[in-house]
Amino acid sequence: MYIELHTHSNFSFLDGASRTEELVERAASLGMPALAMTDHNGLYNACLFSRTAKEAGIKPILGAEITLKEGFHMTLLVENSTGYANLSRLITKAHLAGSKGDPLFLLSALQGCTEGLICLSGCRSGKIAVLLTKGEKEQAFTAVKEHAALFGGHNFFIEIQNHLVPEDKRLSLQLIDLAKQAGLQTIATNNVHYALRDDHALHDVLVCIKNKVTLDRSAPFRRQNSEFYLKGYEEMIQLPWIPREAILRTQEIAERCNFHIDFSSFAY
């Protein structure tokens, strides 16, 4: 069983090409019992996603991919009501401290606000992945220890992704080795930005709008291929360089996340 724990909807403004309903429908067609929504720097989609997922018989997992001051990405998942309160507090403080469209998340601000949150190390823009890509292995190991100390080893996982681009093999193997050195577990995600493969063309257009460039000049900004769609277990298990246990572990994480927004007192 594979559960996607890193998903962006159109609430990741100009970086998510699919509506919530499309992502939930795709997850249901794949037989996923749960799905995580981790839009950029906010919980804007929490209510719509929770309601849509429940109606489809899918367990909604709330979260966010936050961008730290240095530009590093970090994936946070809500485990319980305390975690939802902490993530809401962190996002609010970041938006108040930053400017419009550019919230200011500081790693130091997470101190004391990590209870109830599960942290994944992030995509290629995560601090650990960036340091490894730059060849700074010792600094990457130090960053791993810092993150593990902040969240606790039971709540911090090394995120492994493979989108079939040349640099993914080396990075994946390095991340796996680093996890072993630190005594941590790996978790597989696909950093989803659209529901179906064919939706990648719309995502390319959104990237052009975001960066104010035409399609013929967008190569430096666009993703390298169309692999960033919602995949099921059969597709994920065939990807090289991703440990099988990292794929199966997604179900364990999904089972730990049990926060649900209560709509009983609201009419809609």
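Modeller: Before we discuss the helices, one definition: a crossing is left-handed if the near helix is turned anticlockwise from the far one by less than a right angle, and right-handed if clockwise. Please note also that this is a predicted model.

Biologist: Is the crossing of H1 and H2 left-handed or right-handed?

Modeller: The crossing of H1 and H2 is right-handed.

Biologist: At what angle do H1 and H2 pack, and how far apart are their axes?

Modeller: The angle is about 35 degrees, and the axes of H1 and H2 lie 10 Å apart.

Biologist: Which residues meet there, in H1 and in H2?

Modeller: From H1, the residues are Thr20, Glu21 and Val24; they meet Leu48, Phe49, Thr52 and Ala53 of H2. By class, this contact of H1 with H2 has 4 nonpolar, 2 polar and 1 charged residues.

Biologist: Which residues of H2 are buried?

Modeller: Helix H2 spans residues 46-55, and its buried residues are Ala46, Phe49, Ser50, Thr52 and Ala53.

Biologist: What happens just after H2?

Modeller: Gly57 follows there, with a positive phi of about 75 degrees.

Biologist: Let us turn to Lys54. Where is its place?

Modeller: Lys54 is in helix H2.

Biologist: Why is Lys54 called partly exposed?

Modeller: Its relative accessible area is 36%, and partly exposed covers values between the 20% limit for buried and the 50% limit for exposed.

Biologist: What does Lys54 touch?

Modeller: Leaving aside residues up to four places away in sequence, Lys54 touches Pro60, His260 and Ile261. For Ile261 there is a further detail: its backbone oxygen lies 3.1 Å from a polar atom of the Lys54 side chain.

Biologist: How far is the C-alpha atom of Lys54 from that of Ala34?

Modeller: The two C-alpha atoms are separated by 9.5 Å, while Lys54 and Ala34 are 20 residues apart along the chain.

Biologist: What surrounds Ile158 by contact?

Modeller: Not counting residues up to four places away in sequence, Ile158 touches several residues, among them Ile128, Val144, Leu175, Leu184 and Ile187.

Technical notes
Residues numbered from 1 in each chain as written. Predicted model: local features only at pLDDT ≥ 70, side-chain atom pairs only at ≥ 80, totals over all residues. Heavy atoms only, no water. Buried < 20%, exposed > 50% of the residue type's maximum accessible area, 1.4 Å probe, protein only. Helix = DSSP H or I, 4+ residues; strand = E, 2+ residues; numbered from the N terminus. Axes fitted to C-alpha atoms, helices over the stretch in contact; angles between N-to-C directions. Contact = heavy atoms within 4.5 Å. Nonpolar A, V, L, I, M, F, W, Y, C, P; charged D, E, K, R; others polar. Polar contact = N/O pair within 3.5 Å; in protein donor to acceptor, adjacent residues only side chain to side chain.
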